[in-house]
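Let's take a friendly walk through this two-chain structure, with the sequence and the coordinates side by side. Have a look at it before reading on.

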Amino acid sequence: MSLQIQNISKYYGANLVLDAVSLDIEPGEFIALLGPSGSGKTTLLRTIAGLQFAEGGTLSFDGEDITGLDARERRFGMVFQNYALFEHMSVAQNVAFGLKMRERSARPSAKDISRRVVELLDMAQIGHLAERFPSQLSGGQRQRVALTRALAIEPRLLLLDEPFSALDTRVRKDLRFSLRSLQQKVGVGAILVTHDQEEAFELADRIAVMADGKIEQFDTPANLIKKPSSPFVAEFLEGAGGYNQSGAGI
Amino acid sequence: MTHLDAAPPRTFLSPFRLKRHVMPGFSLTLGTSLLFVCLIILLPLSGLFWQMSQLGLADYWRIISSERTLASFRVTISAAAFATLFNAVFGLLLAYVLVRYKFPGKRLLDALVDLPFALPTAVAGIALVALYDKNGWMGTLLSAVGLKVAYTWWGIVLAMMFTSVPFGVRTVQPVLESLKPDAEEAARTLGARDWQVFRHIVFPQVWPSFITGASLAFARSLGEFGAVIFIAGNMPFKTEIASLLIMIRLEEYDYPAASAIAGTILLIALFVLVAANIAQSRATRHLHKGSS
């Protein structure tokens with residue numbers, strides 16, 4: 001289950017927001033797209049999701065060309081920045097949504113769907129919230145629901161758009177850990193968009209540092225610190241370097 | 001600690017000041033609006049009901065249950081219901097198109113929606129007749145396929161539809177505009193088709209205002225006079241609407257009968273509006289469950 005991004009370019013009017021971006025993502029890998037705001041990371045994620053389409057370049061998944069494929073056919077689970085929960089549905093209905101929308105031939109029976117929903121909610125440790133509505137939940141709970149809903153469709157890839165930005169610091173650290181463990185338990189690859197270096201360094205196997213619609217460097221956290229490929233990367237990661245080195249006792 | 005535990009000093013408030021309102025100017029604004037409602041809405045209506053109360057219950061029943069009155073109710077209500085159904089669906093579609101898409105002439109189309117409000121309804125009625133009469137543009141076309149609109153029940157429906165178009169559009173339009181696109185995008189990433197997104201995500205949010213728009217359109221259609229009488233043919237028992245029958249009774253100086261019919265139509269409209277209001281607030285409560 002690997003994703004190849006090749007020379008993706010995207011314009012907003014005359015502005016080039018993605019400049020021939022290429023990335024190869026290995027199966028099960030956790031990738032972070034890290035960069036300042038306006039660097040094109042969210043646009044890249046939305047292009048991968050099929051919510052926007054690029055003017056140039058190709059996307060392929062497991063060798064299949066998905067460049068022009070509609071979002072609903074990609075089966076990539078997405079967690080939105082503000083979670084985009086369906087406010088008029090209970091937590092359980094939110095999670096069941098993706099299964100209920102399947103074509104009749106591929107749709108599990110109502111009983112199977114509700115069993116599956118219970119399993120998923122328990123796995124995310126929010127089983128007790130099943131009958132609540134989104135407006136009755138805290139920020140952290142909403143994030144868990146959004147993640148569970150995305151996992152319910154047995155996604156081929158998990159796309160996370162700044163999923164922690166709306167949470168306070170303490171909740172953020174708890175949820176980071178549980179996100180990572182859920183992702184590993186399910187064994188699905190994930191792409192995280194973030195502007196928070198600490199988050200990227202703690203979660204990701206590899207980090208793509210983005211600026212001005214280009215990928216400055218794509219490497220493991222350790223290598224980014226050791227061998228920044230440009231002054232921008234070095235400067236941008238200055239804080240994160242300190243964070244990483246503190247573990248090494250320097 | 002001790003000074004905090006001490007009972008707050010007792011103050012004696014006049015009974016009218018017991019509940020403090022957070023917003024200032026409550027009594028002034030409420031008083032003015034009540035006066036306005038009384039003068040503009042309740043006073044004319046109470047005149048109607050005073051006139052109606054001159055009738056005994058038996059007389060009232062005799063007027064209402066007469067063949068001709070019942071037939072006019074049947075014609076009016078069925079045509080209004082059909083026009084409402086059509087306008088609610090068509091209005092939602094038009095509002096959706098106006099909100100979601102960009103196309104040349106969009107602003108013009110948006111402005112056209114209000115035209116039925118601006119046009120004197122009698123003018124609309126005459127225009128419709130000119131168009132749908134057997135010599136009119138549409139009339140000749142339709143008679144070629146064997147359809148007759150002018151001077152039939154369908155003519156009434158058409159006139160009612162024309163005058164109540166804005167309700168169906170203008171009530172749902174602001175709600176559609178306020179919808180955030182991310183829930184729909186989320187639904188798409190979860191595998192929903194376009195119509196599923198509409199059915200499960202968009203429509204439930206529009207539903208309360210959809211009910212409001214439909215009920216307003218229905219109430220408006222029940223009382224429509226000017227546009228309808230020109231195209232209806234006005235045959236008693238067939239194409240005679242209730243408001244025309246009221247007019248006829250008035251011309252016969254039979255004020256009690258006129259007021260009985262008018263009052264009944266008014267009660268039906270009121271019932272529909274209240275029922276819609278209840279349904280609407282229930283739907284809204286369901287939509288925002290838990291958020292108080």
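## Chain A and its annotated domain

Helices and strands here are DSSP runs, a helix having at least four residues and a strand at least two. Please keep in mind that this is a predicted model.

In an unreviewed entry, UniProt lists residues 3–237 of chain A as "domain: ABC transporter". That span is 37% helix and 26% strand, and its end C-alpha atoms lie 26 Å apart.

## Transmembrane regions of chain B

For chain B, an unreviewed UniProt entry places the feature "transmembrane region" at residues 26–50, 70–99, 111–131, 151–169, 217–237 and 257–279.

Two of these can be described further. Residues 26–50 of chain B are 100% helix and 0% strand, with end C-alpha atoms 32 Å apart. Residues 151–169 of chain B are 89% helix and 0% strand, and there the end C-alpha atoms are 28 Å apart.

## A helix pair in chain B

Helix α11 (residues 194–223) of chain B packs against helix α14 (residues 255–287) of chain B at an angle of about 175°, the axes being 8 Å apart. The two are therefore roughly antiparallel.

Residues of α11(B) in this contact include B:W207, B:I211 and B:F218, while α14(B) brings B:I268, B:V272 and B:L273, among others. By class, the contact has 16 nonpolar, six polar and no charged residues.

## Where the chains meet

Chain A and chain B each give 21 residues to their contact. On the side of chain A, α2 (71–74), β6 (76–79) and α3 (91–100) each supply at least two residues, and β6(A) gives the most, with three residues. This side of chain A divides into 12 nonpolar, six polar and three charged residues.

Terms used:
Residues are numbered from 1 along each chain as its sequence is written. Chains are lettered from A and ligands numbered from 1 in the order in which they are written. This is a predicted model: local features need pLDDT of at least 70, side-chain atom pairs count only at pLDDT 80 or more; totals for chains, interfaces and linings use all residues. UniProt positions are given in the numbering used here, feature names are shortened, and annotations may be inferred rather than shown by experiment. Axes are lines fitted to C-alpha atoms, for helices over the stretch in contact, and angles run from 0 to 180 degrees between N-to-C directions. Angles under 35 degrees count as roughly parallel, over 145 as roughly antiparallel, 65 to 115 as roughly perpendicular and the rest as oblique. Two residues are in contact if their C-beta atoms, placed from the backbone, lie within 7 Å. Ala, Val, Leu, Ile, Met, Phe, Trp, Tyr, Cys and Pro count as nonpolar, Asp, Glu, Lys and Arg as charged, and the others, Gly among them, as polar.
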